[in-house]
Amino acid sequence: MTSTPPRTPRVSRGLALAALCALALTACGTEGAGNSSAADAGAGAGTTRVSNPVPPAAPTPAVTPTAPRPDPADDPALTPEQQAAELALMQLALTVAEPCADAAPPVPPPASDEPVPPSQPGTAEQPPVPAPAPGTSDTQVPVEEPEPSTESSWNFERARQEVELSDVEKCAAPLHGKRVTAALDAGTPPTPAAVTKALHKIGYDVPHRLDGPHQKNGAVDFTLDLRFMGGQLCLSAHFDGTRTTLTPYGASPDVHCTDVKRRT
């Protein structure tokens, strides 16, 4: 018995051919009018589609704070090492300010403990109070209610205004400046890493009290937050590799030193 080789069903060939034609027609339909030449179709090269450039998204504006800034030194999440660093920097600030004790205003004398005798009726210090008219002791006096304030209890724009430094802080600011200048002028390159290392070496090593350093146009900018125990001293610095420029200013403890709207 002679075996007959299997034949490929003609229907299958027809379906495969129809599928190829459909794919070809679909590809032709998606091509642009300028890409319909026979030469391009025969080349079989893939087409690279270039879409219109998407404009970059606008930067998100900074959110205006609606509450005072909490003191980072009061953060319960601080580790014992971070708390020790904070105390060390505070002790450094107190040591630097020791020569400025004479700049502090004199302390007023304490109030006398002797009782002040009440003034007698009819004297010049306190005129006698007239007795109420008969039948009017129960008369109620209308009290005017104060108008509700339209301003919130805390305002960022008001809090970020530059404030006046105390006499002690005005004295201590250049002393901090001398320490920083001496550290940076000792061959420090104008790079953020080198400036950070130099500042840490002289005790300014608490992260939340050092903003920066930031590289800008070949120089380095940074800000020191030296507000301890109700103080208001901030110190901004600019170092270009050969010269250090420092500017002290006052800031409310409710905002960051870098939030302050400086006076011009």
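This report describes the secondary structure, the sheet and the helix packing of a predicted model.

Residues are numbered from 1 along each chain as its sequence is written. Local features need pLDDT of at least 70, side-chain atom pairs count only at pLDDT 80 or more, totals for chains, interfaces and linings use all residues, and side-chain values use heavy atoms, with hydrogens and water left out.

**Overall composition**

The protein chain holds 6 helices and 4 strands, where helices (H or I, at least four residues) and strands (E, at least two) are DSSP runs numbered from the N terminus. Read from the N terminus on, the order of elements is α-α-α-α-α-α-β-β-β-β. Of the 264 residues in the protein chain, 22% are buried; buried means under 20% relative accessible area, exposed over 50%, and partly exposed in between (1.4 Å probe, protein chains only). Among contacts in the protein chain with a separation of 6 or more, 57% join residues 24 or more positions apart, contact meaning heavy atoms within 4.5 Å.

**The sheet**

The 4 strands form an open, antiparallel sheet in the order β1-β2-β3-β4. Strands count as paired if DSSP finds at least two bridges between them. β1 (210-216) and β4 (244-250) are the edge strands, each pairing on one side only. Neighbouring strands are turned by 15° against each other on average, direction ignored; axes are lines fitted to C-alpha atoms, for helices over the stretch in contact, and angles run from 0 to 180 degrees between N-to-C directions.

| Strand pair | Sense | Bridges |
|---|---|---|
| β2 (residues 219-225) and β3 (residues 233-239) | antiparallel | 6 bridges |
| β3 and β4 | antiparallel | 7 bridges |

On the β4 side, L235 has P248 as its bridge partner. β3 and β4 form a hairpin with 4 residues between them, and G241 in the turn has a positive phi of about 100°.

Strand β3 is largely enclosed by the rest of the structure, because 6 of its 7 residues are buried. L235, which lies in β3, counts as buried at 2% relative accessibility. Leaving aside residues up to four places away in sequence, L235 touches A173, H176, G177, F222, T223, L224, L246, T247 and P248.

Helix α5 lies across β2, β3 and β4 and runs at about 30° to β3. Helix α6 (residues 192-201) lies across β1, β2 and β3, at about 150° to β1.

**Packing of α3 and α5**

The axes of α3 (residues 80-96) and α5 (residues 167-184) come within 9 Å and cross at roughly 110°. The two helices are therefore roughly perpendicular; angles of 65 to 115 degrees fall in this class, those under 35 count as roughly parallel, those over 145 as roughly antiparallel, and the rest as oblique. The crossing is right-handed, the near helix being turned clockwise from the far one by less than a right angle. L92, A93 and V96 of α3 meet A172, L175, H176 and R179 of α5 in this contact. These residues divide into 5 nonpolar, 1 polar and 1 charged, with Ala, Val, Leu, Ile, Met, Phe, Trp, Tyr, Cys and Pro counted as nonpolar, Asp, Glu, Lys and Arg as charged, and the others, Gly among them, as polar. H176 of α5 takes part in the contact with α3 and also touches L235.
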